[in-house]
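Colleague: I am new to this model and would like a close look at one part of it. Could you show it to me before we start?

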Amino acid sequence: MIRIETTQIGENGYSVSGEEPGELLELEHDPVAQAAGPIQYELTVERAGGELVVRGQVEAPLTLRCSRCAQFFSTTVRVSSFLHAYEWAENPESLDVSADVREDLLLEIPGFPLCHDGCKGLCAQCGQDLNEGPCACVPPEGAPSPWSGLDGWSATPGPRAPKGGTGRGEKKKT
Ligand SMILES: [Zn+2]
Ligand SMILES: [Zn+2]
């Protein structure tokens, strides 16, 4: 739980930084993304009228499953401009920002993770990882590849859920 002691906020705000176990992200049963270490946060809280404005950055190491070759790879998701406001009256002594940190980090997970830009993916016929070398099942000479229509097509990585959506609850079946 990432908790900020609001009683510590002075005239110039209050800064907190630290680590939080990756379990906060609740990715235990996610088929694509797994937490791979602690979440790191650096946050500043300021009073703005009746609100507490929290800004800063958070990041978390993750293991993601490549959407082309299905191999797992390590990466870091980062929210470089975390910014949320809270009603001070509702958080008179301490403020728990865990839910927003979690949600913002999950939104940074790409919809189509790639282990690297040039990942060749798996053979559609035999399932071989084409990054490790070509397989034997080359399409017959002259026959159009069923995938030729996809030449030049590239997946556009994007957030998993639209900003403002309910996030993980809307995850689509693949
Ligand atoms: Zn890959
Ligand atoms: Zn093959």
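What percentage of the 174 residues in the protein is buried? After that, please take me closely through helix 1: which of its residues are buried, and what do they pack against?

Modeller: Happy to. This is a predicted model, in which local features need pLDDT of at least 70 and side-chain atom pairs count only at pLDDT 80 or more, while totals for chains, interfaces and linings use all residues. Residues are numbered from 1 along each chain as its sequence is written, with chains lettered from A and ligands numbered from 1 in the order in which they are written.

To your opening question: buried residues make up 18% of the 174. Buried here means that 20 or more other C-beta atoms lie within 10 Å of a residue's own; with 12 or fewer the residue is exposed, and in between it is partly exposed, the C-beta atoms being placed from the backbone.

Next, the setting of the helix. The protein has one helix and seven strands, and the order along the sequence is β-β-β-β-β-β-β-α. These elements are DSSP runs numbered from the N terminus: helices are H or I with at least four residues, strands E with at least two.

Helix 1 covers residues 98-107. Its buried residues are V101, R102, L105 and L106.

Leaving aside neighbours within four places in sequence, V101 is in contact with I2, I39, Y41 and V58, where a contact means C-beta atoms, placed from the backbone, within 7 Å of each other. Both V101 and L105 are among the residues with the most contacts inside the largest nonpolar core, together with V58 and A60. Such a core is a set of buried Ala, Val, Leu, Ile, Met, Phe, Trp, Tyr and Cys residues joined through C-beta atoms within 7 Å, and this one has 26 residues. Strand 5 gives the most, with six residues. In soluble globular proteins, nonpolar side chains tend to be buried together.

What about the strands that the helix packs against? Strand 4 and strand 5 run antiparallel and are joined by nine bridges; strands count as paired if DSSP finds at least two bridges between them. A48 stands opposite E51 here, and in the hairpin, with two residues between the strands, G49 takes a positive phi near 65°. Strand 5 also pairs with strand 6, again in the antiparallel sense, over 14 bridges, with L62 opposite T75. Six residues separate strand 5 and strand 6 in their hairpin. Among them, A70 has a positive phi near 70° though it is not a glycine, and with 13 other C-beta atoms within 10 Å it is partly exposed. On another side of the pairing, strand 2 (residues 14-20) runs antiparallel to strand 4 through seven bridges, and S15 stands opposite T44.

M1, in the segment before strand 1 (3-5), touches D96 and S98, not counting residues up to four places away; with 11 C-beta neighbours inside 10 Å, M1 counts as exposed. In the segment after helix 1 lies G111, whose C-alpha atom is 9.7 Å from that of V32, 79 residues apart along the chain. G111 counts as partly exposed, with 15 C-beta neighbours inside 10 Å.

Finally, a word on confidence: the mean pLDDT, the predictor's confidence in each residue from 0 to 100, is 86, and 79% of the residues reach 70 or more. Over residues 163-167, though, the pLDDT is below 50, and this stretch has six contacts in the model beyond near neighbours in sequence.

Note on methods: Contact = placed C-beta atoms within 7 Å.
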